[in-house]
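Here is a short briefing to read beside the structure.

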Amino acid sequence: MIRVREKYGDRMTALESSYLTETLKGLSITLRHFLENTLTRKNTVTLNYPEEKKPYPERFRGLHRLMKRDDGQVRCVACMCCATVCPAHCIKIEAGEHDDHRIEKFPIEFSIDWLRCVYCGLCVDACPCDAIRMDTGEHPKPQIDRNGFLTTKIDLMKLGGPSVAVQGGVRPDNGEG
Amino acid sequence: MELLLISTLKVILVFAIVLGALSPLAGWAERRQSAMIQDRVGPNRASIGGFRAWGLFHPIADVIKLMTKEDFVPATRNRYLHTAAPMIAFWSAVVTFAVIPFGPWLQIANLDIGVLFIFGIASLGVYGATIAGWASNNKYSLLGALRASAMMLSYEVTLGLTVVGVLICFSTVGAQELVVAQAGPIWNWGIFKQPVAFVLFFVAAMAATKRAPFDLPEGESEIVAGYFLEYSGMKFVMFYMGEYIEMFLWSALATVLFFGGWQIPWVPFEGQTWYEFAGVAKFLAVLVAIAFLQMTVRWTLPRFRYDQVMDLGWKMLLPASIGNVVVTAVVIIATPAGGVLQRVALLVGNAVVVLVALAVAAAMKGENKIGVTTEALRTQRSEEAVH
């Protein structure tokens with residue numbers, strides 16, 4: 001058995017059902033909001049978007065960037081881990097042989113299709129040498145054609161910076177760093 | 001020749017005020033005001049040379065857009081009536097401004113039947129809505145048109161009857177004469193003689209403009225856009241502008257009837273030039289204030305259900321307005337004209353009308369439409385809930 005209590009049923013008074021007082025109450029609310037928002041923007045929640053931005057949360061996965069070595073070269077060793085794990089197949093890496101025998105491989109071309117990317121962050125997890133990160137806090141800007149979203153290694157490196165992570169398990173204190 | 005020139009000048013001035021300033025600004029003010037009420041920012045993007053002016057350029061952008069827009073018409077329309085409908089709606093709204101006395105000088109035509117002329121022409125506006133709905137050959141348009149005509153029938157009666165009380169008080173129907181009769185101290189204004197009539201007039205006028213909370217003919221959540229569903233481009237704008245102009249028309253009429261028109265309280269008009277300008281400014285200030293109130297009500301109340309609109313019109317507003325006419329007529333005949341006694345008696349009469357209306361409403365509360373008392377209904381409901 002369910003007990004139901006009728007709370008606001010037909011118990012309006014004649015004054016309430018004449019609309020008069022209730023309309024005045026409503027008007028006082030709307031006018032208060034109008035004055036407050038006109039004079040001080042007190043309750044206004046809308047942002048004037050491009051000029052005012054709400055910062056993204058710290059762990060927001062935004063645009064990728066390719067990190068650099070101390071000498072400015074790309075950290076990526078073209079191991080293909082990110083391209084393999086990528087569920088959207090948006091990473092294309094063309095590997096090449098590096099002159100430095102300690103580095104062996106490096107990407108001649110590293111491109112990400114930001115239209116295909118699902119921003120899952122698996123590439124960042126998969127990377128063994130902290131070469132790719134998604135911590136720019138930005139999202140792709142609008143482009144006038146699809147090719148604009150196809151980002152090359154140069155652009156990705158421009159977003160990147162030097163990484164302090166130690167690469168390839170080689171420690172600086174064993175004389176090879 | 002000179003008369004023609006002056007008349008032309010007046011026509012240009014009045015229509016510059018109404019069509020050039022008030023209506024475009026109303027669109028901006030309404031969007032901006034609703035934004036402020038709803039804790040938003042509102043339109044502020046249209047800019048000329050990087051200068052935005054709080055979105056004041058949006059009306060210009062809107063006009064350019066609407067003028068260059070395709071005039072899309074349904075193939076099954078009635079060709080002539082579909083084109084004529086927006087003209088009727090727009091014309092009837094605009095032409096009534098001919099008798100509105102903006103100032104002692106600024107009135108296009110001082111007709112003897114001033115207020116009656118306004119009612120006669122403004123009632124024609126509903127033909128625009130009705131014809132538009134029928135000629136569009138669309139079921140939603142037709143429903144909107146039927147709603148518009150039914151609502152107009154219900155509220156035009158109240159609208160006319162509320163004005164009768166004021167006309168009895170000032171014993172004239174000429175618009176300019178009504179304003180002149182309200183000269184002197186502020187308690188000579190119509191609102192201090194007929195406060196109930198003002199409230200009734202305000203509500204009925206809002207219904208006559210077909211704006212929220214009485215926008216059933218549009219009812220976008222039920223019948224898409226109602227009677228102007230099949231209109232686009234400038235034809236649509238004519239309905240839209242007509243609606244705004246009608247809003248200003250009723251505000252202007254309320255100013256004339258209840259707020260002394262261009263009369264500045266306690267300051268007599270003896271042909272001073274500065275008074276003519278100050279009077280027009282005062283008239284427009286009151287007009288804008290009433291229009292602002294109408295807009296605020298729009299963003300305060302939700303739309304009435306159809307039967308609620310009819311109940312409000314026929315069961316509450318109409319009896320109250322008839323009672324007001326009777327009480328006013330009795331008081332005017334029974335008391336010496338222009339005395340303090342008459343003023344007090346009018347206010348007492350108004351209070352009596354309000355109290356009787358509320359008492360009747362309270363007495364009717366006990367019964368709902370099918371004749372079951374609410375107490376019985378509640379018992380029945382709670383029994384059903386228990387089982």
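The points below go from the overall build of one chain to single side-chain contacts.

This is a predicted model. Chain B is built from 14 helices and zero strands. Its radius of gyration is 23 Å, close to the 21 Å that the globule rule gives for 387 residues, so chain B is as compact as a globular protein of that length. A search over all chains finds 17 salt bridges.

**Overall build of chain B**

- Read from the N terminus, the elements run α-α-α-α-α-α-α-α-α-α-α-α-α-α.
- The C-alpha trace of chain B spans about 75 × 65 × 45 Å along its principal axes.
- Of the 387 residues in chain B, 49% are buried.

**Helix α1 of chain B**

- Helix α1 of chain B covers residues 2-37, which makes 36 residues.
- From its first C-alpha to its last, α1(B) reaches 49 Å. That is close to the 52 Å expected at 1.5 Å a residue.
- At A16(B), α1(B) bends by about 30 degrees.
- D39(B) follows α1(B) and has a positive phi, near 60 degrees.

**Nonpolar surface patch on chain B**

- Which residues make the nonpolar surface patch of about 620 Å²? They are L81(B), W134(B), Y140(B), L142(B), L143(B), L146(B) and V224(B).
- Helix α5 of chain B, residues 139-170, gives the most to this patch, with four residues.
- In an α-helix there are 3.6 residues a turn, so residues three or four places apart point the same way.
- V224(B), one of the patch residues, sits in the loop between α9 (220-223) and α10 (233-258) of chain B.
- V224(B) has a relative accessibility of 42%, so V224(B) counts as partly exposed.

**A salt bridge across chain B**

- D71(B) and K235(B) form a salt bridge, with their closest N and O atoms 3.3 Å apart.
- D71(B) lies in the loop between α2 (58-67) and α3 (79-95) of chain B, and K235(B) lies in helix α10, so the pair ties together parts that are 164 residues apart in sequence.
- Is K235(B) buried or exposed? K235(B) is at 14% relative accessibility, so it counts as buried. The cut-off for buried is under 20%.
- D71(B) is at 38% relative accessibility and therefore counts as partly exposed.

**Salt bridges in chain A**

- R133(A) and D135(A) meet through their side chains in a salt bridge, at 3.6 Å from N to O.
- R133(A) is partly exposed, because its relative accessibility is 24%. D135(A) is partly exposed too, with a relative accessible area of 40%.
- A network of salt bridges links R65(A), D130(A), R133(A) and D135(A).
- K141(A) pairs with E138(A) in a salt bridge, and their closest N and O atoms are 3.6 Å apart.
- K141(A) counts as exposed because its relative accessibility is 53%. The cut-off for exposed is over 50%.
- E138(A) has a relative accessible area of 34%, so E138(A) is partly exposed.

Technical notes: Residues are numbered from 1 along each chain as its sequence is written. Chains are lettered from A and ligands numbered from 1 in the order in which they are written. This is a predicted model: local features need pLDDT of at least 70, side-chain atom pairs count only at pLDDT 80 or more; totals for chains, interfaces and linings use all residues. Side-chain values use heavy atoms; hydrogens and water are left out. Patches are made of residues with over 30% relative accessible area and no salt bridge: like charges are joined within 9 Å, nonpolar side chains (Val, Leu, Ile, Met, Phe, Trp, Tyr) within 5 Å. Accessible areas come from the Shrake-Rupley method with a 1.4 Å probe; for residues, only the protein chains shown count as cover. A salt bridge is a side-chain nitrogen of Lys or Arg within 4 Å of a carboxyl oxygen of Asp or Glu. Helices (H or I, at least four residues) and strands (E, at least two) are DSSP runs, numbered from the N terminus. Buried means under 20% relative accessible area, exposed over 50%, partly exposed in between (1.4 Å probe, protein chains only). The expected span of a helix is 1.5 Å times one less than its number of residues. The bend at a residue is the angle between axes fitted to the seven residues ending there and the seven starting there. The radius of gyration is taken over C-alpha atoms; the globule rule is 2.2 Å times the number of residues to the power 0.38.
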